[in-house]
Amino acid sequence: MNIIDYKTTENIPHVIFFEKEHLYFNRGQKMTSMNGLLDHYFPKFNSEYWLTYKAYKAIDENKFKKIIKDNFPKLKNGEKQYYKNGNCICQLEPDPNKFFPMLEKVFDREEMIKHRKRIKNEWEYKRVLAGVNGTKFHLDRENEEYERGYSINPFSGQKYKVKSQQYTNTPWQNQSICKNLWDLEDGFYAELLVFCTDYNGKNPLLCGQADKVFIQTIGKNRYIDIDDHKTNEKKPTKSDPKKCNGFLSSHYASKHFRYELQMNGYAWMLAQHGFKVRNLGYTWYKNYDPEKSELIKCKNYQHYSERMVKEHLTKL
């Protein structure tokens, strides 16, 4: 296995991206990604809890649900409940300190451990498979556009000339094209590495990769439209059992809202270079099928991006 010495990147005058490790560097310093910034505002998935929960449930689902119904009446059939009118109408899941001891008295522990291992392996297999399929899907779409020479803007239906930016002879998989993104020419950019700098305008502090960026100059204004490929097993929903953290606590911690913030983050970074944001969205592909896709438009939350940067990175 090749081990990269990231210190060797300190003389590279670009923001660079290593895909396998999913890390960004600028002159040898690791940078914060947009998704890394969003992690502060979304509740972490408690894998240990849900592995044990699902393992007990797999032994006897009917008996499992009856235990919840008898001991946690606010939980309907043992399933997670949703917020109503902004208020949590019930406990989201049984307290493990009370719930799991109850289950241990009813179910065989060894059988639970066996199911737990099986479920963990299934999760890992699905995670790896989704990563492989997702990467291949992105590359296939990107290569199609390079071969075709143009990309269709999903918001306007207009053709945009593809701007070449593929890097094949470097140990990293992507890099920034220029110091000031305002210098980007009009056209379409696949996997555009975007970033914003600190208040001195010298050191990039936040970065990310937008799957599809369309740039158009009209008069003195330069506009951007951003689209992203999403290949979730199910269409992202706008609701979720849990809420976000911090100042975003009034919003559901849903996949859709996270994607909205992700697209807005890319847009906000480009706006720091002078661009005007016109359209934001992501395209969901059912079963990785380009013929079964749906463009889902995003609201403008750029003020959220600025506040997140101020809270966790620096004062602009």
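The questions and answers below go through a predicted model of one protein chain.

Me: How many helices and strands are in the chain?
Reply: The chain has 316 residues, and 44% of them count as buried. Among contacts with a separation of 6 or more, those between residues 24 or more positions apart account for 62%. The elements in the chain come to 7 helices and 15 strands.

Me: Which element has the lowest mean pLDDT?
Reply: The chain averages a pLDDT of 86, and 85% of the residues score at least 70. Over residues 76-91, however, pLDDT stays under 50. Strand E12 (residues 221-227) has the highest mean among the elements, at 98. The lowest mean, 41, belongs to strand E5 (residues 83-84).

Me: What does helix H2 reach from its first C-alpha to its last?
Reply: Helix H2 covers residues 47-59, which is 13 residues. At 1.5 Å a residue the expected value is 18 Å. The model comes close to that, with a reach of 19 Å.

Me: Which helices do the buried residues of H2 pack against?
Reply: The buried residues of H2 include Tyr49, Trp50, Tyr53 and Tyr56. Lys57 is also among the buried residues of this helix. The packing partners of the buried residues are helix H3 (61-71), helix H4 (96-106) and helix H5 (109-148).

Me: What separates the C-alpha atoms of isoleucine 59 and histidine 115?
Reply: Isoleucine 59 is in helix H2. Beyond four places in sequence, its contacts are Phe107, Asp108, Glu111, Met112 and His115. Isoleucine 59 and histidine 115 are 56 residues apart along the chain, yet their C-alpha atoms are separated by 7.8 Å.

Me: Which elements give two or more residues to the lining of the largest cavity?
Reply: The count is 1 cavity of 30 Å³ or more, and the largest cavity has a volume of about 40 Å³. Its lining consists of His138, Glu142, Glu145, Phe188, Ala190, Glu191, Asp211, Lys212 and His229. The elements that supply two or more of these residues are H5, strand E10 (187-197) and strand E11 (204-218).

Me: How many residues of the lining of the largest cavity are charged?
Reply: Glu142, Glu145, Asp211 and Lys212 are among the lining residues. The lining has 2 nonpolar and 2 polar residues, and the charged ones number 5.

Me: Is glutamate 191 buried or exposed?
Reply: Glutamate 191 is in strand E10, and its phi is near 50°, a positive value in a residue other than glycine. Most residues other than glycine have a negative phi. The relative accessible area of glutamate 191 is 17%, under the 20% cut-off, so this residue is buried.

Me: Where is tyrosine 288?
Reply: Tyrosine 288 has a phi near 60°, again positive in a residue other than glycine. With a relative accessible area of 27%, this tyrosine is partly exposed. Its place is in the loop between strand E14 (276-285) and strand E15 (293-297).

Me: Why does glutamine 302 count as buried?
Reply: Glutamine 302 is in helix H7 (residues 302-312). Glutamine 302 counts as buried because buried means under 20% and its relative accessibility is 15%.

Methods:
Residues are numbered from 1 along each chain as its sequence is written. This is a predicted model: local features need pLDDT of at least 70, side-chain atom pairs count only at pLDDT 80 or more; totals for chains, interfaces and linings use all residues. Side-chain values use heavy atoms; hydrogens and water are left out. Helices (H or I, at least four residues) and strands (E, at least two) are DSSP runs, numbered from the N terminus. The expected span of a helix is 1.5 Å times one less than its number of residues. Buried means under 20% relative accessible area, exposed over 50%, partly exposed in between (1.4 Å probe, protein chains only). Contact means heavy atoms within 4.5 Å. pLDDT is the predictor's confidence in each residue, from 0 to 100. On a 1 Å grid over the protein atoms alone, a cavity is a set of points where a 1.4 Å probe fits but cannot get out, and a pocket is an open set with protein on both sides within 12 Å along at least five of seven lines; lining residues have an atom within 4 Å of a point. Grid points are joined across faces, edges and corners, and a volume is the space filled by probe spheres set on the points. Ala, Val, Leu, Ile, Met, Phe, Trp, Tyr, Cys and Pro count as nonpolar, Asp, Glu, Lys and Arg as charged, and the others, Gly among them, as polar.
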